[in-house]
Amino acid sequence: MLICDYSQIELRLAAHLSQDSAMLEIFRQNIDFHTATAQRVYGVSPEEVTKEMRSFAKTINFGILYGMGATSLAQNLKIKRAEAQVFLDKYRQAYSELNDYIESLKQFARKHNYAQTEYGRIRDLSNIDIRNPRNQALLDRIAVNMPIQGLQADIIKLAMIKIDEYLGAKQDIYMILQVHDELVFEVKEDKAEQYKTKILEIMESVYKATIPIKVEAVIKDYWG
């Protein structure tokens with residue numbers, strides 16, 4: 001099995017789409033993003049970041065992309081809402097351009113009743129009655145999620161098309177599964193390294209971003 005997985009692609013796309021200078025610099029320096037976030041949120045040096053701090057930061061990083069607010073964050077981290085709000089405020093200060101971008105996505109969705117990806121794929125939101133606060137929160141989550149996660153979905157589909165064109169009628173490798181941001185291939189053992197190199201090249205180059213789109217690959221006897 002050849003397993004190729006886009007590395008932190010949602011965060012990389014968020015950095016690219018928002019052009020947040022702090023995020024872009026972290027990825028350009030190839031620093032672990034969750035550690036860098038923990039450093040900023042907790043106000044500590046990289047050496048002082050604990051596993052728990054990094055885990056908290058990871059939850060915040062992905063929670064922001066899913067439109068998570070203070071209440072949901074508190075529930076996920078099992079902390080008080082006031083403490084979660086402090087974390088969110090520090091996050092928004094650390095990545096202020098990302099925060100501005102996210103707010104612009106919400107405003108666009110509220111005004112136009114839809115959200116879309118860079119490639120023009122649209123999520124209709126006209127049936128959501130935002131007079132209900134819970135529905136407004138739902139709309140905000142979709143407004144943020146669609147342009148970022150939706151773009152990630154578009155990119156992996158484009159990669160699958162390009163890879164299928166490359167593989168053609170080859171009998172020693174088959175693309176058998178797509179799981180979120182991961183592609184799985186069944187391949188002849190003696191050809192695995194050769195195919196890995198070309199497939200990584202295709203996946204990393206199918207979309208041009210401000211920062212590199214990275215793919216991690218492993219070859220093993222099973223998937224999972």
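1. Strand β1 (residues 2–6) is joined to strand β5 (residues 182–187) by four bridges, and the two run antiparallel; strands here are DSSP runs of E of at least two residues, helices are runs of H or I of at least four, and both are numbered from the N terminus. Two strands are taken to pair if DSSP finds at least two bridges between them. On β6 (residues 215–219), β1 pairs over five bridges, again in the antiparallel sense. C4 stands opposite L183 in β5, and its bridge partner in β6 is A217.

2. On the basis of the model: this is a predicted structure, in which local features need pLDDT of at least 70 and side-chain atom pairs count only at pLDDT 80 or more, while totals for chains, interfaces and linings use all residues. Residues are numbered from 1 along each chain as its sequence is written, and side-chain values use heavy atoms, with hydrogens and water left out.

3. The strands form an open sheet of four with the order β4-β5-β1-β6 and antiparallel pairing. Its edge strands are β4 (173–179) and β6, each of which pairs on one side only. Neighbouring strands are turned against each other by 20° on average, direction ignored; axes are lines fitted to C-alpha atoms, for helices over the stretch in contact, and angles run from 0 to 180 degrees between N-to-C directions. Helix α8 packs on the sheet and touches β1, β4 and β5, its direction making about 175° with that of β4.

4. Four of the five residues of β1 are buried, so the strand is largely enclosed by the rest of the structure. Buried means under 20% relative accessible area, exposed over 50%, and partly exposed in between, with a 1.4 Å probe and protein chains only.

5. Q152 lies in helix α8 (residues 133–167) and, at 7% relative accessibility, counts as buried. Not counting residues up to four places away in sequence, Q152 touches I9, E10, L13, H180 and D181, contact meaning heavy atoms within 4.5 Å.

6. The largest nonpolar core has 34 residues, of which F33, Y91, Y95 and L98 touch the most other members. Such a core is a set of buried Ala, Val, Leu, Ile, Met, Phe, Trp, Tyr and Cys residues joined through side-chain atoms within 4.5 Å. Apart from this core lies another, of 25 residues, among them L2, L151, I156 and V206.

7. Leaving aside neighbours within four places in sequence, L98 is in contact with A14, S18, D20, M23, I64 and Y91.
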